[in-house]
Amino acid sequence: MATHILLLSILAFCFSVAFAFEPSPLQDFCVTDFTSSTLLNGKVCKDPKLAQASDFFFSGLHLPGNTSNFLGSKVTPVNVAQIPGLNTLGISMARVDYTPWGLNAPHTHPRATEIFTVLEGTLHVGFVTSNPDNRLISKVLQKGDVFVFPIGLVHFQRNVGHGNAVAIAALSSQNPGVNSIANVVFGSNPPIGADILTKAFQVDKNVVERLQTIF
Ligand SMILES: *[C@@H]1O[C@H](CO)[C@@H](O)[C@H](O)[C@H]1NC(C)=O
């Protein structure tokens with residue numbers, strides 16, 4: 001009995017320790033070495049003596065993205081792919097442009113929480129909680145408003161104002177990743193079997209096949 005209590009106490013102690021997703025860096029920085037072909041969990045660092053200001057720099061976020069597409073929105077990412085010096089630092093950002101009624105379609109970031117602010121316009125934004133509740137938590141944002149999309153949850157933004165809208169997002173990973181729901185479900189390569197999606201979505205096979213031709 002005493003050993004059980006001791007064991008439980010040790011277990012309780014172990015599980016009270018919180019582990020961060022991205023451990024603190026072990027050096028000042030780790031600028032991506034694009035010439036290395038070594039694969040590891042992140043990107044290879046180049047010699048820190050060779051680091052330049054340009055490794056920590058991006059220019060052009062004042063420029064609107066091209067929203068001429070069926071969604072009427074464009075994300076301009078600024079992550080480790082654009083700024084090599086972001087490697088291992090656990091942070092990145094993006095600009096999002098929207099035409100009137102433009103939509104940033106439902107998607108998730110598998111590796112980042114997002115904090116999002118409206119620079120111009122009016123956006124209806126929301127995210128959905130995990131199973132079993134699947135609660136939609138949504139709000140209409142005005143210029144200067146800030147909203148949070150928790151890591152891994154499906155979220156979206158739609159322009160419900162009269163003019164164009166612009167937002168800036170900050171993300172808690174240098175490589176947040178994006179899973180666009182429609183694309184991962186109906187646009188995978190090779191496609192998920194239509195019989196699987198027919199059963200999962202409880203619709204006719206021709207509906208699934210139509211969605212698969214779109215995405
Ligand atoms: C915007 O994208 C559309 C569709 O891809 C293209 O036709 C158009 O030339 C682009 N406009 C600019 C200014 O790049």
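# Worked exercises on a predicted model

Thr67 has contacts with Gly72, Ser73, Lys74, Asp97, Tyr98 and Thr99, leaving aside residues up to four places away in sequence. Keep in mind throughout that this is a predicted model.

## Exercise 1: Get the overall layout

Find how many helices and strands the protein has, and the order in which the elements run.

Solution. 
- Step 1. Count the elements: the protein has four helices and ten strands.
- Step 2. Walk along from the N terminus, and you get α-β-β-β-β-β-β-β-β-β-β-α-α-α.
- Step 3. Of the 215 residues, 31% are buried. The exposed surface comes to about 13700 Å², with 62% of it supplied by carbon and sulfur atoms.
- Step 4. Check how far the contacts reach. Taking contacts between residues at least 6 apart in sequence, 69% join residues at least 24 apart.

## Exercise 2: Trace the open sheet

Determine the strand order of the open sheet of five strands, and say which strands stand at the edges.

Solution. 
- Step 1. Read off the order: S6-S5-S8-S3-S10, with antiparallel pairing.
- Step 2. Look at the ends. Strand S6 (136–141) and strand S10 (179–180) each have a single partner strand, so they stand at the edges and one side of each has no neighbour in the sheet.
- Step 3. Zoom in on one pairing. S5 and S8 run antiparallel to each other, and five bridges connect them.
- Step 4. Pick out a facing pair: His124 is opposite Arg158 in S8.

## Exercise 3: Take apart the largest nonpolar core

Identify the residues that touch the most other members of the largest nonpolar core, then find which strand gives the largest share of this core.

Solution. 
- Step 1. The core has 16 residues, and those touching the most other members are Tyr98, Phe116, Leu123, Val125, Leu141, Phe147 and Phe149.
- Step 2. Sort by element. Strand S2 (92–98), strand S4 (114–120), strand S5 (123–128), S7 and strand S9 (165–171) each bring at least two residues to this core. The largest share, four residues, is from S9.
- Step 3. Leaving aside residues up to four places away in sequence, the contacts of Phe116 include Tyr98, Leu123, Val125, Leu141, Phe147 and Phe149. Asp145 and Gln157 are also among the residues touching Phe116.

## Exercise 4: Classify an aromatic pair

Solution. 
- Step 1. The structure has five aromatic pairs.
- Step 2. Locate the partners: Phe29 and Phe56 are 27 residues apart, each in the loop between helix H1 (2–16) and strand S1 (73–78).
- Step 3. For a group of rings, turn to Phe116, Phe127, Phe147 and Phe149, which form one aromatic cluster.

## Exercise 5: Characterise the disulfide

Which cysteines form the disulfide, and what is the handedness of the link?

Solution. 
- Step 1. There is one disulfide, formed by Cys30 and Cys45 with their sulfur atoms 2.0 Å apart.
- Step 2. The angle about the S-S bond is -100°, and the link is left-handed.
- Step 3. Both cysteines lie in the loop between H1 and S1, so the pair ties together parts 15 residues apart in sequence.
- Step 4. Compare the two ends: Cys30 is buried at 2% relative accessible area, whereas Cys45 is partly exposed at 35%.

Conventions:
Residues are numbered from 1 along each chain as its sequence is written. This is a predicted model: local features need pLDDT of at least 70, side-chain atom pairs count only at pLDDT 80 or more; totals for chains, interfaces and linings use all residues. Side-chain values use heavy atoms; hydrogens and water are left out. A nonpolar core is a set of buried Ala, Val, Leu, Ile, Met, Phe, Trp, Tyr and Cys residues joined through side-chain atoms within 4.5 Å. Buried means under 20% relative accessible area, exposed over 50%, partly exposed in between (1.4 Å probe, protein chains only). Contact means heavy atoms within 4.5 Å. Rings of Phe, Tyr and Trp (its six-membered ring) pair if their centres lie within 6.5 Å; planes under 30 degrees apart count as stacked, over 60 as edge-to-face and the rest as tilted. Two strands pair if DSSP finds at least two bridges between them. A disulfide is a pair of cysteine sulfur atoms within 2.5 Å. Accessible areas come from the Shrake-Rupley method with a 1.4 Å probe; for residues, only the protein chains shown count as cover.
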